[in-house]
Amino acid sequence: MNENKIRISVFPKGYIDDLSNGKMDVFEWIEQAGTLGADGMEMYPTFLQSTEKSYLEKVKEAAASVNLVIPMMCASPDFTHPDPAFRVKEMSKMKEMIDAMAILGPDDFRSCRVLSGQRRPEVSREDGIKWTIDCINELLPYAKSKRVYLVMENHYKDGFWIYPEFAQKSDIYLEIVEGISSDWFGVNFDPSNAVFAGDDPLALLEKVKSRLITMHASDRYLKEGYSMKDIENHLVQGYSVGLAHGVIGKGIIDYDGIFQLLANINFTGWISIEDGVNGLGEMKESVDFLKRKVDEYFLSGN
């Protein structure tokens with residue numbers, strides 16, 4: 001059972017700006033990640049200074065030196081731009097990330113996140129859905145050749161985007177997911193993002209459980225003075241100013257309900273923690289919390 005149980009990865013939400021602008025080196029983050037008790041770490045494209053094979057092999061070796069693997073890449077393609085040439089460039093960037101994961105990732109599992117793109121006011125529902133499905137379908141043969149899964153997240157908003165996710169609402173998200181059929185495509189489920197899209201996380205997970213490959217884990221809190229209705233009205237270039245991250249298991253997400261459903265489907269994929277906004281102490285608490293839940297729901301037979 002231990003060989004097949006859920007494994008925990010970490011993603012440094014609190015360091016994303018410093019890692020992206022060069023104030024912090026990815027090797028520094030790897031050293032810190034190695035102290036958290038996780039099994040792996042999730043990368044983001046701008047954490048990497050290069051996609052040359054020699055550099056990526058050094059990153060992989062550094063992770064291995066602290067007993068971590070790199071199973072996931074948190075890529076953010078923008079397939080809803082009305083210019084076809086822009087979408088072609090986004091697909092080229094995705095292929096570069098697929099290539100990177102073919103080097104960085106362990107042999108038993110590698111994934112690369114895909115999104116729809118930004119919810120631009122001038123883009124219709126029909127066009128956005130079609131462009132997203134077309135782009136992902138075009139990428140899938142390449143991903144298969146590199147043995148890298150493409151996983152679509154029910155996303156809220158990339159931190160460097162102007163507009164929220166086109167497929168933020170579950171009806172659009174599900175139409176895209178259901179429009180793609182491949183053994184190398186599936187879902188990266190994020191319960192927090194479901195909440196702030198106005199959806200019930202458990203209801204959405206129930207709908208996508210047969211396509212579930214990976215999961216993001218975080219917990220969210222409303223900052224003082226904000227209500228759920230305020231979230232869409234206080235967007236900045238990044239996350240809503242009304243949202244706060246915190247220790248998993250102490251916020252608004254029903255993780256017992258989630259783990260019961262995961263146990264019901266015998267899920268054995270990766271769960272990546274998006275945390276650390278308030279320091280690595282909280283991320284360590286989140287790792288410990290998820291490990292306890294894995295043991296509770298998968299080792300006890302509940």
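**View 1. M215 sits in strand β7.** Strands here are DSSP runs of E with at least two residues, and helices are runs of H or I with at least four, both numbered from the N terminus. The model is predicted: local features need pLDDT of at least 70, side-chain atom pairs count only at pLDDT 80 or more, and totals for chains, interfaces and linings use all residues. Residues are numbered from 1 along each chain as its sequence is written, and side-chain values use heavy atoms, with hydrogens and water left out. M215 has a relative accessible area of 0%, so it is buried. (Buried means under 20% relative accessible area, exposed over 50%, and partly exposed in between, with a 1.4 Å probe and protein chains only.) Leaving aside neighbours within four places in sequence, M215 is in contact with residues including M72, N188, F189, Y255 and W270. Contact means heavy atoms within 4.5 Å. F86 is 129 residues from M215 along the chain, and their C-alpha atoms are separated by 29 Å.

**View 2. S111 lies in strand β4.** S111 is buried, with a relative accessible area of 1%. Its contacts, leaving aside neighbours within four places in sequence, include P71, M72, M73, M101 and T214.

**View 3. Helix α4 and its buried residues.** α4 has 21 residues. From first C-alpha to last it reaches 30 Å, close to the 30 Å expected at 1.5 Å a residue. That expected span is 1.5 Å times one less than the number of residues. Among the buried residues of α4 are E90, M94, I98 and L104. The buried residues pack against β2 (40–43), α3 (53–65), β3 (69–73), β4 (111–114), α5 (125–146) and β5 (149–153). D83 caps the N-terminal end of α4, with a side-chain oxygen 3.0 Å from the backbone nitrogen of A85.

**View 4. R87, a buried residue without a salt bridge.** R87 lies in helix α4, residues 84–104. A salt bridge is a side-chain nitrogen of Lys or Arg within 4 Å of a carboxyl oxygen of Asp or Glu. Which side chain of opposite charge is nearest to R87? D83 is, at 6.6 Å. (Lys and Arg count as positive and Asp and Glu as negative; His and the chain ends are not counted.) The side chain of R87 reaches the backbone oxygen of H81 at 2.7 Å. R87 also touches F79, P82, W131 and C135, among others, not counting residues up to four places away in sequence.

**View 5. T51 meets E96.** T51 is in the loop between β2 and α3. At 31% relative accessibility, T51 is partly exposed. Its side chain makes a polar contact with the side chain of E96 at 2.8 Å. (A polar contact is a pair of N or O atoms within 3.5 Å; within protein, one must be able to donate a hydrogen and the other to accept it, and residues adjacent in sequence count only if both atoms are side-chain atoms.) T51 and A100 are 49 residues apart in sequence, yet 6.2 Å apart in space, C-alpha to C-alpha.

**View 6. Helix α8 and its buried side.** In α8, residues 201–208, the buried residues are P201, L204, L205 and V208. They cover an arc of only 100° around the axis, which puts them on the same side of α8. The arc is that of the directions from the helix axis to the C-beta atoms. These residues pack against α6 (170–178), β6 (185–189), α7 (191–195), β7 (212–217) and α9 (255–264). At the start of α8, a side-chain oxygen of D200 reaches to within 3.0 Å of the backbone nitrogen of L202.

**View 7. Salt bridges R125–E175 and K284–D288.** The model has 17 salt bridges. In one of them, the closest N and O atoms of R125 and E175 are 2.9 Å apart. This pair links distant parts of the chain: R125 is in helix α5, E175 in helix α6, 50 residues apart. R125 is partly exposed at 33% relative accessibility, and E175 is partly exposed at 37%. K284 and D288 also form a salt bridge, with closest N and O atoms 2.9 Å apart. These two are four residues apart in helix α10 (residues 280–299), so about one helical turn separates them.
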